[in-house]
Amino acid sequence: MTARKSLLKVILLGDGGVGKSSIMNRYVTNKFDAHLFHTIGVEFLNKTLEVDGSQVTLQIWDTAGQERFRSLRTPFYRGSDCCLLTFSVDDNQSFLNLSNWKKEFIYYADVKEPENFPFVVLGNKVDVTERQVSAEEARMWCQENGDYPYFETSAKDATNVAVAFEEAVHRALAADDKADHLIPTDTVKLHRKPRSATACCS
Amino acid sequence: MAELLKVIFEHEGIFLHPSPDEGGPEQDLLVSGTLRVLEKDAEILVEYRPLEDSVDPSNMLCAGQDSSSVVEWAQCPGEKSQSRQQLETQQSYETEWDMVNAISFRKKNCTNGEGSLNHSQERSRWAFSVNISDLKSITVKDEGWTFLILKLKDAFSSLPALHFHQGGSKDFLDCLRRFALLTECPEDKTCLMVSTPNRALSQSFENLLDDNNFGLVHKFKRDPYVATLGSFSKVTNYIYDALRGAEEQQQRPPEEVADLLGEVIPGLEINQQEEPGFEVITRIDLGARPRVSRAEPLSADDWSKHQDPEGRMKDEATLRQKIFKGGLCHAVRKEAWKFLLGYYPWSSTLEERKSVLKAKTDEYFRMKLQWKSISEEQERRNSRLRDYRSLIEKDVNRTDRTNRFYEGLNNPGLTLLHDILMTYCMYDFDLGYVQGMSDLLSPILYVMENEVDAFWCFVSFMDQMHQNFEEQMQGMKTQLIQLSTLLRLLDLAFWNYLESQESGYLYFCFRWLLIRFKRELSFQDVLRLWEVMWTGLPCQNFHLLICCAILDSEKQKIMEENYGFNEILKHINELAMKLDVEEILQKAEGICLQIHSCKDLPHSISSILGFDAKRQVPNQAGLGGAPRPAPQQDACSNGHCRESRPQNSCRGVSTS
C-alpha cells in the first residue's frame with residue numbers, strides 16, 4: 001500500500017535572472033552556459049537517480065519568472081512534490097520576493113498542509129563577489145518561515161547544486177511517507193505510475 | 001439584476017452539520033435548507049440555501065417551484081461571508097503581489113448588493129452556489145442516512161457536507177448525471193469523480209428538444225451528415241474519457257494542469273461554435289495538399305530594379321510576392337525591412353524618406369533623453385521604471401549572446417539593445433518591458449545596425465505583437481484558440497489525440513507564438529521567416545499555418561509514441577534549432593492553398609485566414625496576383641482587430 005513514489009515533481013521558482021534554468025542544467029547535464037537564454041514559457045528536464053536502492057525519476061520544472069506570465073505558469077504548480085525557492089545572493093530584491101513566491105506556490109499548487117510542504121531554499125550565484133544577501137539573513141528567513149533547508153549554490157561552479165536536489169528528493173519522499181500514515185478518510189489517494197523513461201528522459 | 005433561472009432539481013430538508021469551531025457561538029448547530037440544481041445562462045449550478053435564507057425577501061423576490069419563474073439573483077450574502085476568509089487571503093495577495101484572480105471565484109454569480117448585513121447573515125453564511133464544472137468529486141457516505149461531500153477543483157474553497165436526512169441523495173446524483181459524468185474512483189468506491197467534458201454534447205442533445213434552440217436541428221435537417229459527424233466526434237471524446245477513468249487517476253497532475261490552463265485560455269473546449277446557429281466544423285474533405293516550391297532570395301540587383309529615379313518602390317505587389325517566395329539577400333534587408341515593416345512608405349521618394357528619418361530621429365532621442373535624464377533619486381521613487389530597467393539589464397545579457405553582434409563583454413550591440421528597450425518603455429510605458437521583447441528586437445537591430453532605424457522598425461513589429469505581451473495576454477489566447485480551430489479542420493484525428501492528452505489548448509505552442517519562432521530557428525533562419533511573414537502573404541495569420549506545418553511533421557511521432565501531456569510539451573520544446581525554415585514555409589504555403597481551394601469553408605476558418613475579404617489568394621506561380629495587405633491588416637494577424645467576441649460567448653452560444 002505504501003509504495004514509494006517513483007516520479008517526483010520538483011519546481012524551481014524565483015525572480016527572473018536568479019539562475020533557475022542554470023541550476024537545472026547544471027544538475028541534469030552538468031554544464032553551465034553563461035549566455036543561456038531567459039526562459040519563455042515552461043520547460044522541464046528529467047533526471048533519474050537511485051534512492052535507497054530504488055530508481056526515482058526527478059522531473060524538474062523551470063518557469064519564466066516575470067510577473068506577466070503568472071497565469072500561464074501557475075497551472076504547472078499542481079502536483080509538485082517539492083518546491084525550490086531560489087534567489088540570487090547578489091540581488092536583494094530577489095531575496096525579498098521569496099515570501100511572495102512561496103505564497104504564490106501555496107496558493108496555486110493546491111497544497112493541503114502548507115506548513116508541512118517541503119520547501120528548499122537556494123541562494124544562487126555564490127561565486128559572485130558582490131553579495132547583497134548574507135548567509136545569516138537567508139538562514140534566518142528559512143528558520144522563521146518553516147525551518148527550510150538552505151543551500152548556497154553556484155550553478156556556474158557547481159557548488160552545492162547536487163546536494164540541494166538530493167535534499168529536495170529526501171524531503172519530498174519523507175513528506176510522502178508521512179502522508180501515507182495519515183490518510184484522511186475523505187481523501188482520494190493517488191499513486192503515480194512512473195512514466196516511460198525513454199520517452200521523457202533527456 | 002434579474003436573471004432567468006430554471007430550477008432543475010429541488011429538495012428540501014438537506015442539513016449541514018457544522019463542526020463546533022465552524023459553528024462559532026452556536027454549538028451543535030444543525031442547518032436545514034434547500035438544495036437546488038439550477039440552470040442559469042446555460043450554466044448548471046448547485047445551490048444550497050438555509051431555510052431562513054430562502055424565505056428572506058431581500059434575497060429572492062419570487063422563488064417559485066415553477067421552472068419558468070424569474071428568481072431575483074441580486075445577492076447571496078451567505079456566499080459572500082462564507083468565502084470572506086478566502087477573499088481576505090486573496091486581497092492580501094493582491095496588494096503585495098498584484099495577483100490576478102485567474103483561478104478561483106471566476107464564475108461566482110454573486111453581485112454585491114447593499115443591505116447584506118442583516119440578521120440572517122449568521123445563518124446565510126452557510127449558503128453556497130457552485131458551478132457544476134467547478135466540482136471535482138462527490139464522496140457518498142452513509143451514517144444511517146446518506147451524506148455527500150462535494151469537493152471543488154479549486155482546493156481553497158471547501159463545501160460543508162450535505163446530509164440527506166429526508167432522502168433524495170440518489171435523485172440529486174441522478175440529476176447531476178444529466179450534466180456531468182460521474183465516474184467511480186478506483187481507489188475509493190465511495191468517491192465519484194465529476195467531469196464535464198461532455199457538457200456541450202449533453203446540452204446539444206437538450207437543444208435538439210428545445211424549440212427555442214433550433215439551430216442544430218435546422219442544420220441537421222439541412223445537412224445531417226455534417227451535423228451528426230460533429231456530434232459524434234464529441235461522443236468519441238466522451239466515451240474516451242469515460243473509458244479512461246482509472247488511467248486518468250495516475251496522471252492526475254498533468255490533467256489538473258490542463259484544466260487550469262483551460263481556464264486561462266477560455267473558449268477552447270467548444271471553439272468550433274462561434275456564432276448562433278451552431279456551426280459545426282467537421283471532417284471536410286480538404287483535397288490533396290499542393291506541392292509548392294520556394295524560390296531564390298531577392299537579390300540587390302532585383303531590388304534596385306524596382307526603384308524609380310526618385311527612389312519610389314515600383315510594383316510593390318510583385319516585390320512582396322518575390323520576398324514571400326524566397327526572402328531577401330542579406331544585403332537588401334537593411335533597406336527592404338523598413339518598407340516591409342511600414343517605417344517607410346513604398347511610394348515615398350528618397351527626399352521624403354530623408355525627412356521621415358529626421359523627424360523620427362528627433363523623436364527617438366527626445367524619448368531616450370527622458371529615461372537617460374532621470375536621476376537616481378527619481379528612479380528610487382519610480383518602481384515600475386526600476387523594475388523595467390532591472391529586467392532589461394538581465395535579459396540583454398541573456399539574448400543571442402553567441403551571435404557576433406552581441407557576444408563578449410561590453411559589446412556595443414548590448415548597449416544598443418538595452419537603450420532601445422529602455423526607450424521603448426518611454427514610448428509605451430503602460431506595456432513597458434515584457435520578457436520576449438528582447439528576442440524580437442535583437443534580429444532587427446542586427447539587420448539595421450542603427451539605433452534609430454532599429455527602434456522604429458521594432459515599434460512597427462511590436463504593433464503587430466503588442467497583444468501578446470499585454471497584461472491579460474489576450475493576443476496569446478486568441479492565437480491559441482485560432483490555432484486550435486485550424487488544426488481541428490486540418491487534422492481531426494490529431495486534434496482529438498491532443499484533446500485526449502489534455503493538450504487541446506496547445507499550450508506547448510506558447511513560445512512559438514509569443515516571439516514568432518525566434519527561439520525555434522537559427523538566427524539566420526529567423527531573419528528569413530520574419531521577412532516572409534511581413535509580406536502579409538499568402539493569407540492573414542500565416543504564422544498559424546506555420547504552426548500547423550510543424551505540428552504536421554511531428555504528429556506521427558507524438559501519436560506513435562503515445563506521448564502524454566508532459567512528453568508533448570517536452571518534445572515540442574526540444575524541437576528548437578532542429579527545424580528547417582524552407583521546409584516549414586513550403587509546407588505552410590501548401591496548407592494555405594489546400595484550405596483555400598476547399599469549398600464550403602466554415603466561416604470561422606475563412607475569417608481567421610482572411611479569406612472573407614478577398615477571395616483571391618496567390619496561386620503558386622501567380623506573381624502580382626496577390627492582394628497587398630494594408631499595414632493595419634498585419635495588426636489583424638494578431639487578433640488586434642478581430643471582432644472581439646465576448647470571452648465566453650462560445651460557451652453561451654453552444655448551449656443557449
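**Fold and sheet architecture of chain A**

Chain A exposes about 8100 Å², of which carbon and sulfur atoms supply 51%, with accessible areas computed by the Shrake-Rupley method with a 1.4 Å probe and, for residues, only the protein chains shown counting as cover. The model is predicted, so that local features need pLDDT of at least 70 and side-chain atom pairs count only at pLDDT 80 or more, whereas totals for chains, interfaces and linings use all residues. Residues are numbered from 1 along each chain as its sequence is written, chains are lettered from A and ligands numbered from 1 in the order in which they are written, and side-chain values use heavy atoms, without hydrogens and water.

The average pLDDT (the predictor's confidence in each residue, from 0 to 100) of chain A is 88, and 87% of the residues score at least 70. Over residues 183–202 of chain A, however, the pLDDT is below 50, although this stretch has 48 contacts in the model beyond near neighbours in sequence, a contact being heavy atoms within 4.5 Å.

Chain A contains 7 helices and 6 strands, taken as DSSP runs (helices H or I, at least four residues; strands E, at least two) and numbered from the N terminus. An open sheet of 6 strands with mixed pairing has the order β2-β3-β1-β4-β5-β6 in chain A, where pairing requires at least two DSSP bridges between two strands. Its edge strands are β2 (42–51) and β6 (150–152) of chain A, each of which pairs on one side only. Strand β5 (residues 119–124) of chain A runs parallel to β6(A) and is joined to it by 3 bridges, with A:L122 standing opposite A:F151 in β6(A).
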